[in-house]
Structures are given as C-alpha cells and as structure tokens.
Amino acid sequence: MKRPAALMIKLFWLSLCLVTVPAASAQETTPEDRIKAAFLYKFSLYVEWPDAAFAGPADPIVIGVVGDIAIAKELQRVIVGRYVKQRPLQVRFYRNDIAPAGVHLLYVDGRDGAARQTVLERLQDKPVLLVTDDPGGLATGSSVNFVVEGDRVRFDISLIAAEAQKLRISSQLLAVARQVRRAQP
C-alpha cells in the first residue's frame, strides 16, 4: 500500500515540474530583447548629457525601462561592472503608468501607446534620451526608435528631438543608424 502512495506522490511532483518548466522558459529573454538591451547600453557610450543632468560628477547614468521587464533584466546583466565616462550605470524598471524622474536614457516599450505618449510628454523638455520601438516613435518625440527589418534590429535617430532635449549624439552612432532625421535648413 505504501508503494502506490509513493508512486502517486512522485507522479504528482513530476507533473508539477512539467507544468512549471514552460512558465520559466516563457520568461527567458528573446534574441530581440538581448539585442535591444545591448543597443541601450551602447547608446549610453555615444550620447553626451548636459552637466545639469547630474547632481554630481560621480552620479550614475540611469537607464530606465518602461513596460518590458525582460529587456530590463537583460540590460541589468549587460551593464554589471561597467562605467561610461567614469560614471557607473544603473537600470530601473517602471510600470507603464509612471513617468520616471532621474533617468538619463529611457526605453519605452511600444505595446502601450497611451502610456508611451504620457511618458514622452512628461519628459519632453528633460535631458533624457528617449528610445522607443513604435513605428511612430520619432514623430511623437523619441530620439531613437528601434525598427525590426526581417531578423535584424536597427534604429532610426531624430536629431531634432535630441537637440530639443539638449543631448549631443556622436557622429559614430549617427553613421550606423538606419535613418537620421535632421532639422530642415
């Protein structure tokens, strides 16, 4: 009688393990998430913020992620122990309904257009590099917008938005952008 009970318990635990495996793998980072996280880190290397964007010379460069926890987790892994211009890097994750303060580079997930627009409007005049992944991202005030072409992640840049946010983007980054929008002469 003990044998069937032990067998039932083992089958029960095995079934629980099988049920939880897909849930764990669903939270894995996709190749697209990994590429976007790497780009976000690299963007921080090629942007100059005004001195007023930082309270002091040792303050970190804060990279915020709105709405996409997988990219935030991957970005956290990417930046461990890294510095940009002698400043440590930090990653912060925000829900869709919060317009973060104290960030220098902000990725806003493109799935929730209303939340994205609220965040972009609240940070419009702040020295924040706004990065989106929405077809209309540059038109709504983003400085950088991810574009997926086939199996490649590319990005477009709006110098108009970057200059309005008092940011300088290196010509090296502009050279690898798919498209650069400039002010009309």
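**Close-up views of a predicted model**

View 1. Strands of a sheet pair through backbone hydrogen bonds, either parallel or antiparallel.

**View 2. Strand 2 and strand 4.** Residues 61-66 form strand 2 and residues 87-94 form strand 4; their pairing is parallel and spans six bridges. Within this pairing, V62 has Q90 of strand 4 as its bridge partner, and I63 stands opposite V91.

View 3. Eight strands make up an open sheet in the order 3-4-2-5-6-7-8-10, and the pairing is mixed. Strand 3 (83-84) and strand 10 (179-181) are the edge strands; each has a single partner strand, so one side of each has no neighbour in the sheet.

**View 4. Helix 3 against the sheet.** Helix 3, residues 69-79, packs on the sheet and touches strand 2, strand 4 and strand 5 (105-108). The direction of helix 3 makes about 165 degrees with that of strand 4.

View 5. E74 belongs to helix 3. Its relative accessibility is 6%, and E74 therefore counts as buried, the cut-off being under 20%. Leaving aside residues up to four places away in sequence, E74 touches T29, D33, R34 and A37. Of these contacts, D33 is 41 residues from E74 in sequence, yet the C-alpha atoms of E74 and D33 are 7.4 Å apart in space.

**View 6. The largest pocket.** Rolling a probe the size of a water molecule over the atoms shows where empty space is left. The largest pocket has a volume of about 220 Å³. Its lining consists of 19 residues, and those nearest the centre of the pocket are A53, A101, G102, V103 and H104. By type, the lining residues of the largest pocket divide into twelve nonpolar, three polar and four charged.

Technical notes. Residues numbered from 1 in each chain as written. Predicted model: local features only at pLDDT ≥ 70, side-chain atom pairs only at ≥ 80, totals over all residues. Heavy atoms only, no water. Pairing = 2+ DSSP bridges. Helix = DSSP H or I, 4+ residues; strand = E, 2+ residues; numbered from the N terminus. Contact = heavy atoms within 4.5 Å. Axes fitted to C-alpha atoms, helices over the stretch in contact; angles between N-to-C directions. 1 Å grid on protein atoms, 1.4 Å probe; cavity = no way out; pocket = protein on both sides within 12 Å on 5 of 7 lines; lining within 4 Å. Points joined across faces, edges and corners; volume = space filled by probe spheres on them. Nonpolar A, V, L, I, M, F, W, Y, C, P; charged D, E, K, R; others polar. Buried < 20%, exposed > 50% of the residue type's maximum accessible area, 1.4 Å probe, protein only.
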